[in-house]
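Student: I would like to learn how to read a model like this one. Could we begin with the contacts to a ligand?

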Amino acid sequence: MESVRTQVVIIGAGPAGLLLGHLLELEGVDTVIVETRSLDYVQQRVRAGVIEYGIANFLEASGVGTRMRAEGLVHHGIEFRLDGASHRIALSDLYDGRAITVYGQQEIVKDLIAARLTSGAPLFFDATVTAVVGHSTERPTVTVRTSDGDREVSGDYVIGCDGSHGVASASVPTGVLRRYERVYPFSWLGILAEAPPAAEELIYCRHPQGFALYSMRSPTLSRLYLGVRPDEVLDAWSDERIWDELTTRLASDQSASITQGPIIERGITPMRSVVVAPMRYGRLVLAGDAAHIVPPTGAKGLNLAISDVTVLAEALIDSYRSGNRSGLAEYSRTCLRRVWRAEHFSYWMTTMLHQLGEDPFDNQLQLSQLRYIVSSEAAARTLAENYVGLPLGHRAVAAD
Ligand code: RFL
Ligand code: PHB
């Protein structure tokens, strides 16, 4: 890679960086995407799986949703399982017929990489951005380290789509960005198993032994999670222990027990909420996990990353086409409205479904909230609207 100049430099080939690159290339804006990991690693990284209704439509309209529409599983409801009793939340009935699509994040990444390779636009793997400089100049620049040495890539803008431990936000002088954070006293142990899903819809389960989630990727692949202690180590969990715990927590009188199969992927994810604001400093703009993290209970992380990019792409395209920079000026405020809604929803789902501790008052409040959700249509509708996803595309206005 020679030192190059482009219009928009994108750090990170996760869903945020790849989709931004795709949307800008469609409108003739030149981009360079730099990714520290290998192509293989990025395509195999197992993470989120629930795509909001509006996000799925957006991906399709952008020309990268064909395989998602063919292979994704459309779900019209989810189940809450409380101490063995099943309660269905009829998402589509509660929210104008809208549904979620279950389709693995790494499949979206594969589809976006395929589109990028077809376009021939630059995408470098095994290339690490080690520094960002010139944020407040007309020519912000990143230093890229590869096995061949260091290169510089400069552009009109640098976009940090580099995830939660990224170099982009760390390059901003101390005190400029405010960081809001909440750490939860549990982690998720997640597995991907070659086992046909025993349930047709996702099951969010609250059990005296802890949280469990039943999800899936295809008619032959199940994705399951266990709420575990925050300091839990993977080595302490044999396959047998994982299946035993899942079977106990997910047990129900009303349905068959879970199907087991070889575990082909496993990992432990700590639970955090983080927001970095504003999402821009000079000509460095942050998007996706680089700017905010949610605990996975609301299935919002991937969806938020994509919604940021829908706003940013439009703002950049506007600025290049007509010189109108108002979209860029409002980018952070526009995104943060949706981000904070998702932060609240994810926090709420997390604290409602996990064991909070020994405090009897907290536990009674939690149970009351759960009973309300599964018995009141108004309460369930609130959940459905947030889970399936609020409409995209509300630009912040002066009064916000
Ligand atoms: P990503 O996907 O983390 O992509 C960032 C990319 O930037 C690269 N990178 C760099 N490249 C060049 N130079 C550097 N200095 C770089 N530093 C980093 C990274 O290698 C990576 O490829 O962020 P993006 O695009 O914002 O997408 C966000 C989503 O990935 C994320 O919100 C969700 O996956 C969160 N998440 C989950 N969300 C859910 O809704 N449901 C889940 O089940 C779920 N599981 C997860 C998750 C996140 C996880 N992480 C981050 C540890 C499980 C895990 C393990
Ligand atoms: C998943 O399928 O990986 C998944 C589903 C729902 C969540 C989190 C993860 O809330």
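Tutor: A polar contact is a pair of N or O atoms within 3.5 Å; within protein, one must be able to donate a hydrogen and the other to accept it, and residues adjacent in sequence count only if both atoms are side-chain atoms. Here a backbone N or O atom of Thr297 is 3.4 Å from an oxygen atom of ligand 2. Taken alone, ligand 2 exposes 280 Å², and the protein buries 97% of that. Accessible areas come from the Shrake-Rupley method with a 1.4 Å probe, and for residues only the protein chains shown count as cover.

Student: What kind of model is this, and how are its parts numbered?

Tutor: This is a predicted model: local features need pLDDT of at least 70, side-chain atom pairs count only at pLDDT 80 or more, and totals for chains, interfaces and linings use all residues. Residues are numbered from 1 along each chain as its sequence is written, chains are lettered from A and ligands numbered from 1 in the order in which they are written, and side-chain values use heavy atoms, with hydrogens and water left out.

Student: Which side chains make polar contacts with ligand 2?

Tutor: A side-chain N or O atom of Tyr204 is 2.7 Å from an oxygen atom of ligand 2. For Tyr225, a polar side-chain atom lies 2.6 Å from an oxygen atom of ligand 2.

Student: How do I read the shell around ligand 2?

Tutor: A residue is near a molecule or strand if one of its heavy atoms lies within 4 Å of it. Around ligand 2 there are 14 residues, of which Tyr204, Ser215, Arg217, Tyr225 and Pro296 come nearest. For classes, Ala, Val, Leu, Ile, Met, Phe, Trp, Tyr, Cys and Pro count as nonpolar, Asp, Glu, Lys and Arg as charged, and the others, Gly among them, as polar. The shell of ligand 2 has eight nonpolar, three polar and three charged residues. Helices (H or I, at least four residues) and strands (E, at least two) are DSSP runs, numbered from the N terminus. Strand 16 gives the largest share of the shell around ligand 2, three residues.

Student: Which residues are closest to ligand 1?

Tutor: Glu35, Arg45, Arg47, Gln105 and Asp289 are the closest of the 30 residues that surround ligand 1. That shell divides into 14 nonpolar, nine polar and seven charged residues. Helix 1 (15–26), strand 10 (128–133) and helix 9 (301–322) each supply at least two of its residues, and helix 9 gives the most, with three.

Student: How many helices and strands does the protein chain have?

Tutor: The protein chain has twelve helices and 21 strands. Its radius of gyration (taken over C-alpha atoms) is 21 Å, close to the 21 Å that the globule rule (2.2 Å times the number of residues to the power 0.38) gives for 400 residues, so the chain is as compact as a globular protein of that length.

Student: Where is the cis peptide bond?

Tutor: The bond from Ala277 to Pro278 is cis, with omega near 0°. Pro278 sits in the loop between strand 18 (263–277) and strand 19 (280–281).
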